[in-house]
Structures are given as C-alpha cells and as structure tokens.
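Okay, thanks for coming, everyone.

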Amino acid sequence: MGSLAALVHKPRVRLPLGFGHSFQSGIRSIQLMGCGAYVEEIDKYRAIGEYPSMNQNYKCLFEPVTIGPVTAPNRFYQVPHASGMTEANPRVRAAFRAVKAEGGWGVVSTGAVSTHPSSDDSPLPFARLWDDNDIRSHAMTCDAIHQHGSLAAVELWHGGAAVMNRTSRIAPYSPSGIPWLATHVGFMGNQRPRIMDKQDIRDVIDWQVAAAKRARSAGFDIVYIYAGMGYLGYEFLLEEYNHRSDAYGGSVENRVRFVRELIEATKDAVGNDCGVALRISLEELRAKASEHYESEAHEVVTLLSGLPDLWDVKMDSSPTDCGASRFCAEGSHEPVIDFVKQVTDKPVVGVGRFTSPDTMVSQIKRGILDLIGGARPSIADPFLPRKIREGREDEIRECIGCNICISSWHDGVPVRCTQNATAGEEWRKGWHPEKFAAPGSDDRILIVGGGPAGLEAGLIAARRGYQVTIADKAVTLGGRLVFETSLPGLKTWNRVHDYRLYALQQMGNVDLYTESELGVEEILALDHQRVAIATGSHWTRALYSSLEIPQGAMEQPGVYTPDDLAAGITPQGPVLIYDFDNYYLGGVIAESLAEQGLQVSYATPAGHASAWTIMTNEQPFVHQALYKHNVQITTQALLNSFDGEQAQLSNIFTGEALPIAARSIVIVGLRLPNDELYQTLTTRQDELEAAGIKSVDRIGDALAAGALVHAVYSGHSYARQLDAPADELYLRDIPVAQVPPGPVIQSS
Ligand code: ADP
Ligand code: SF4
C-alpha cells in the first residue's frame, strides 16, 4: 500500500510519451455561443487555414468535391445520423451540428427529417419539414453550419412500414402490406401497413418535393432521398417487401421506379440550387443474384447511376450499419459498398467508424469512396478533420464503438457519447469540446482514483488551467477499464484512457501517480484545496428476487464477482454466470471464460442474454457469440441456492426448477459505490478546514455506479463546474416554430 511518504517520494509515473512535456497552447479568451461562458481558444497557428504541420500524405482529404450545383470544401462528410434533437430543441440541435462544422467537417447533415405526418416515428425523436412552420428551426441549423464554411445537408425521409404513426394515427405506407418489424432490434408495433395505390405513390413524391422546397428555403445545400434501413424507398427495392404486380414491382427495373421518381421529382424541384443525394442500403441487394449483373445491388446502382448528384451507401439495419466495435471492425462496410464507384461517375460517401487518417486516405486512393463519411467519429470528436489538418492526429478523441450514442436515441433523448461528454451539451451547458473557461481560482485539484471519471475530471480541470494531481492505488491508470479491455471484443475501449493519458502527459500542470493509495491522512496533508473522490465501485454478491429487486447475497465459497476475476482469480469449471446487470459484462465474461477452456452456462432473470445491449445494437451478436462459445443460455431465471456442485434456479414467472451443474458462480449484478473515503472525510469538517480543503466531491462510480458514459460525464461536469457561477450551468431550449393561427379546439 502506498502512503503519503510513498506518494511524495515516488517519481512521476513514466508513461510512454514522457511526462511533464509542456503543452504550448497560447491562450486568450473569447465568448462562446452567446451563453456568457468565457472560453479559451487554441492559438492562431492552429486555426484552420494555416497548416504548417499537416502530414502531406493526408492532403487529399482536404480536396474539394463537387456535388451537383454545390461544392464540399473537403472530403469530411458528417453523414445523416440521429441526434435525438427535434424542433423542440432547435438551439441544442443547431449548436450540436455547428460544432462539427467548426471542427472541419465539410458537409454536416441532419438526422431523419420526416416529409409528412404519415412518416411519424414517435415516441422516438425525429425532425419534421411537414409545413412552413418547420422551416425556421432548420434555418437556424443551416445558418450555424454555414458560419463555418460547411455545407448543410438534410436527410428527407419517409419511414413507410417501419414507422407506426403512433401520434398521427395514419395507417403506415408500404408497397405490399408487409410489415417491417426490424426483428433484430425489436422495435415492435402491432399496426400493419396499408398497400399503397398509385395515388399514395404520387402523394409521397409530392410530399418529398414540398419538403425539398422547404429545405431549400431553410438554406440546405444538399437534399436527400432515403432508400435505406427498411424505410419506404428500401421497401420498394427489396422483393421481400415489394410483391406488386404493377409498374413498381417485379423486375429490378420496376422496383427501382419509385426511388427513380423521387430523385427525378426532387431534382426538378430544387436540383439547380441543391445537390440531390441518394442514401441507399446495399447489404441485402448485394447478397441477391441478378440475371445480368453481379448482384441486384450492381443492377440498382447501374440503373440509377448518374441520376443522383451523390451516392450515400450503407448497410441495411442499425446493428450492421452502426456495428459495435465489439463485433465490427473499422471499415466493415467495404465488402458491400466497394463496387459503387465502378458503376457511377458521381461522388460516393460511405462510413465505417473511420478514425485513422491512413485508413481514410486508403479508401480514397483505392477508389472505394470520394468522401469520408462519419457519424460516430464526428460525435466522439467533432474536431477530427481540423486535428488532421493541423498535424494533431495524436489528439483525436477516437470513437470506441460502444454505441451509447445509439442507445440515447432509443431512449428518446439528445445524443450522449462516452468519449465526448460535451456532445448534446454545446448549447444547453455551453460546453465546447475544445474550449474551456479559465480557472476561477488558484486552487489545486486532487483527484483520488484514475479511472474514466478521475482521468476526465483531471484532464478538463488541467485544460482549464488548474494544477491537478491524480493518484491511483493501482499499478496502471485506467480503473475498471484495465481489466475490462482485456476481455473479448473490448480492446477498442482502451481509447478511453489512452486518449486521456496521452493528453495529460503533454501538460505541465499535471502530476500523475500510480501505486499511491490515499487515505484521509494523506489527503489532509497534500495541500490541495479541492478533492474529487473517484474511487469507483465494487460488484456485490447480491441476488435478484421475485420482486425484481436485488436482495440478499450469496456469500459462500465458489461464488465470485467480476472484481475477483479482475484480481486474477480463475473460477473452477463448470461455471455459471448469473447476470442481472444486463449490459455487456456478463456476456463478455462468459465468452472470456469459455475461451479459457471452461464449460460455461449463462443465466439471467431477463428475457435475453445481455438484455440491455438491445439499446446498443449488440444483442443479436451477443447471442451469436455465446452460441459460438457453446455457452448454454437460461433466461427468466432466479438463482436461489448453490451447493458447490449444482446451482438451483427457478423460472421467475412459473417457479419451475432449473438446476444447472456448476462448481463456481460469477454474479454480475448489483454494483455499489466505493465511497467510504468520502464518507469518512466529510465527517471531519474541522480538519478539512484546517487543511485548507474547500470541497470534497464524489464523482463517477464512487457517486453512483453506471456505464463508462456516466463516469466520463460526471468527471467532465465536475471540472467544468469548478468555480463556475451556478446560473451558467443550464439553459432551457424552446421551440422557434410559429404556432399557426387557429382555435385551440377544432370544431367539427
Ligand atoms: P470510475 O469509472 O468512476 O472512474 P473506476 O472503478 O474505473 O471508477 O476507477 C476507480 C479507480 O480508483 C481505480 O483505478 C482504483 O484503483 C482507484 N482507487 C480506489 N480507491 C482509491 C484510493 N483510496 N486511493 C487511490 N486510488 C483509489
Ligand atoms: Fe463512439 Fe461510443 Fe461516442 Fe457513440 S457513444 S460516438 S460509439 S464513443
């Protein structure tokens, strides 16, 4: 155990890039986004326009690309992605998109914007251009994007059978009455769609045209037609959804007709002023044989080849299109979309969780893409293009592919990101990802615990200019991630601590200590005025009751928690994983132990393995991974007792006995804060005062155990709030759309 003496005399931890290197930042203050917060701006030589230190191999990424009548200033293209922001929070939305333009994305797109009330995805958050009242809030976004010299794109969208029109109560539209249940992700509804007649088809095209004209009025430079991800255009393309016998069904040429007419009508309406983009999913089509082409995907793209000004190509469902890094590597779309540029002269944009400029350049040079599409990488680091341009690739905050951003859309709230705590908070809290308020005092900040919360708090406090000390009792900084990233599929999550440690190492106002356990006496003696307790949490052996709450505990030999495994214990097989945490860890531990050669069973009170991972697009792959590892899955199960040879479980609804042979059990269930240090410190107020300690706060899991995203946000928030006036911490957005004149209650 480290002591104060050990801490004081221990040399600063030697991290790979050398500690104590001073960060040349040249700071001056500017006002941010009219919310009154003073921020620091990186000095002028880093401003976009002067790039003495850019790696010349990356130069091609900054070439302009013509898209119909408009020109993208570079190849960085923030493709349409859900933000959880609608007309209800137009300033939040405008600021979120504008920061990406500021960060160098040459094109910045909206998420799905519905063309008509028959495309109503409620309660999921979606935007609208249903009538002229919706123009103003979109104009706000366009203006904000244009201020930084980027193009604004709008993803006009009709959801067809994939939306349930729960609010508008219009029977959903579809080519042939086949429901889109999106069974992979389980968003269920029991409204079946109507079969569109010819008038319905004309109506949808008219609504697209009307929305496109509104989009042009709002200031958008690129207007989309959407034929992907199960939505209406896609349903016409796929023979599984399109059983029509008229001119819109049957042959590929007929199935393409609806999309062709949407493109033609949009071009006629706005094509002189706006680029017209087609967003299309090619995964299923590429898997289908075609009589005269290599696949139906080749046939569809060839038939429409020169029609759109831009091809935006992607996969078919969220779990494959937006695959979690646990199961999908960077660039995983390439085998599906690699042919498109061979059959069209128009520019092609695609995604692949690209964060490496070398991979991006390779995509361009090998003729796969013309524009580097980014959704998640642009959320995790809105300044990714600028960092490449300025030769600061090492400072990119790389997306870890955890898909918490997706889960926030499923939750119906503005986007949240594990790596970028400022995402969605640009306007509401005035948080800029690269700019930080100057320190409000000379206070020194002591952070106890160097996990995700402690590292983020330390980094942001240091960027603000505070003198920061981070001390951790462990040999390595990173907290829970040190163990968890050693488990199957989680290596990419190393980026959480790698990014922060690298940044901290570049700063002269930071001291990092490992093997330095701090207790009350050390903290009182360390002459720091503010103390953040970031000591994490611990897994308990609590069980789960039929009342569906954690209850009791299985404290006996052979019963372990993830903390025991992290400490190096290998349980004896056969082993049962009992999981009511429901996120990734239970499933990942099952995979890990199976890979070590143990016979593994997995049981949960939930209906699926790792049930919450449905929110992050991972669940179908979790089941596949467990199956591949021969892990027997038992769902709806309560764990009751264990005799060292057999675990007794029962069905949560029927009570049916479900015995499972096991020599050991790993319970992945209730996690509780490690807050003893905080509790003890706060009972010693007089001593704190005498030591000059002004505040002691808990952050991250030490406050409330959660996912990484919660820990990082908590650390970030702590550092932003140091010496901040309370009234600047939260702004409330209101809609800008005009309420049309009319009675509150319509008379019939
Ligand atoms: P979070 O996700 O909130 O950052 P973690 O559990 O990942 O939490 O990290 C907590 C870190 O705190 C761990 O690295 C642990 O070693 C460290 N820690 C816990 N107690 C102490 C202590 N008394 N002194 C120093 N470090 C501590
Ligand atoms: Fe990437 Fe995770 Fe952030 Fe989404 S939440 S952008 S997957 S780091």
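Before the ligands, one bit of bookkeeping: I count Ala, Val, Leu, Ile, Met, Phe, Trp, Tyr, Cys and Pro as nonpolar, Asp, Glu, Lys and Arg as charged, and the others, Gly among them, as polar. What you see is a predicted model, so local features need pLDDT of at least 70 and side-chain atom pairs count only at pLDDT 80 or more, while totals for chains, interfaces and linings use all residues. Residues are numbered from 1 along each chain as its sequence is written, chains are lettered from A and ligands numbered from 1 in the order in which they are written, and side-chain values use heavy atoms, with hydrogens and water left out.

Let's begin with ligand 2. How do the residues of its shell divide into nonpolar, polar and charged? We get 7 nonpolar, 4 polar and 2 charged. A residue gets into a shell like this if one of its heavy atoms lies within 4 Å of the molecule. There are 13 residues around ligand 2, and the ones that come nearest are Cys399, Cys402, Asn403, Cys405 and Cys417. Helix 12 (376-380) and helix 14 (404-411) are the elements that give two or more residues to that shell. When I say helix or strand, I mean DSSP runs, numbered from the N terminus: H or I with at least four residues for helices, E with at least two for strands.

Now over to ligand 1. Here 21 residues surround the ligand, with Ala453, Asp472, Arg480, Leu518 and Asp701 the closest. There are some polar contacts to look at, meaning pairs of N or O atoms within 3.5 Å. An oxygen of ligand 1 is 2.6 Å from a side-chain N or O atom of Asp472. An oxygen of the ligand also lies 3.1 Å from a polar backbone atom of Pro452, and a ligand nitrogen is 3.0 Å from a polar backbone atom of Leu518. How much of ligand 1 does the protein cover? The answer is 90% of the 580 Å² of accessible area that the ligand has on its own, by the Shrake-Rupley method with a 1.4 Å probe.

I call a residue buried under 20% relative accessible area, exposed over 50%, and partly exposed in between, with a 1.4 Å probe and protein chains only. In helix 11, residues 357-365, the buried ones are Pro357, Met360, Val361, Gln363 and Ile364. They span an arc of only 155 degrees around the axis, so they sit on the same side of helix 11; that arc is taken from the directions from the helix axis to the C-beta atoms. Their cover includes strand 5 (76-78), helix 10 (334-337), strand 15 (371-374) and helix 13 (384-389). For contact, I use heavy atoms within 4.5 Å. And just after helix 11, Gly367 has a positive phi of about 75 degrees.

Helix 17, residues 495-505, is mostly covered, with 10 of its 11 residues buried. Among them are Arg495, His497, Tyr499, Arg500 and Tyr502. The buried residues pack against helix 15 (452-464), strand 17 (467-471), helix 16 (480-484), strand 18 (510-513) and helix 24 (708-721).

Okay, on to the loops. Between strand 6 (107-114) and strand 7 (127-128) we find His116, which is buried at 17% relative accessible area. Leaving aside neighbours within four places in sequence, His116 touches Trp130, Ile170 and Trp207. Pro123 is in the loop between strand 6 and strand 7 too, and the peptide bond joining Ser122 and Pro123 is cis, with omega about 10 degrees.

Most peptide bonds are trans, and most residues other than glycine have a negative phi. Here's another cis bond: Gly573 to Pro574, omega near -5 degrees, with Pro574 in the loop between helix 19 (562-566) and strand 24 (575-579). As for phi, Asp527 has a positive one of about 60 degrees although it is not a glycine, and Asp527 is partly exposed at 42%.

Last stop, Gly160, in the loop between strand 8 (151-157) and strand 9 (173-174). Is Gly160 buried or exposed? Buried, at 0% relative accessibility. Gly160 and Glu235 are 75 residues apart in sequence, yet 7.8 Å apart in space, C-alpha to C-alpha. Beyond its neighbours within four places in sequence, Gly160 is in contact with Pro172, Tyr173, Leu232 and Glu235.

Note on methods. A polar contact is a pair of N or O atoms within 3.5 Å; within protein, one must be able to donate a hydrogen and the other to accept it, and residues adjacent in sequence count only if both atoms are side-chain atoms.
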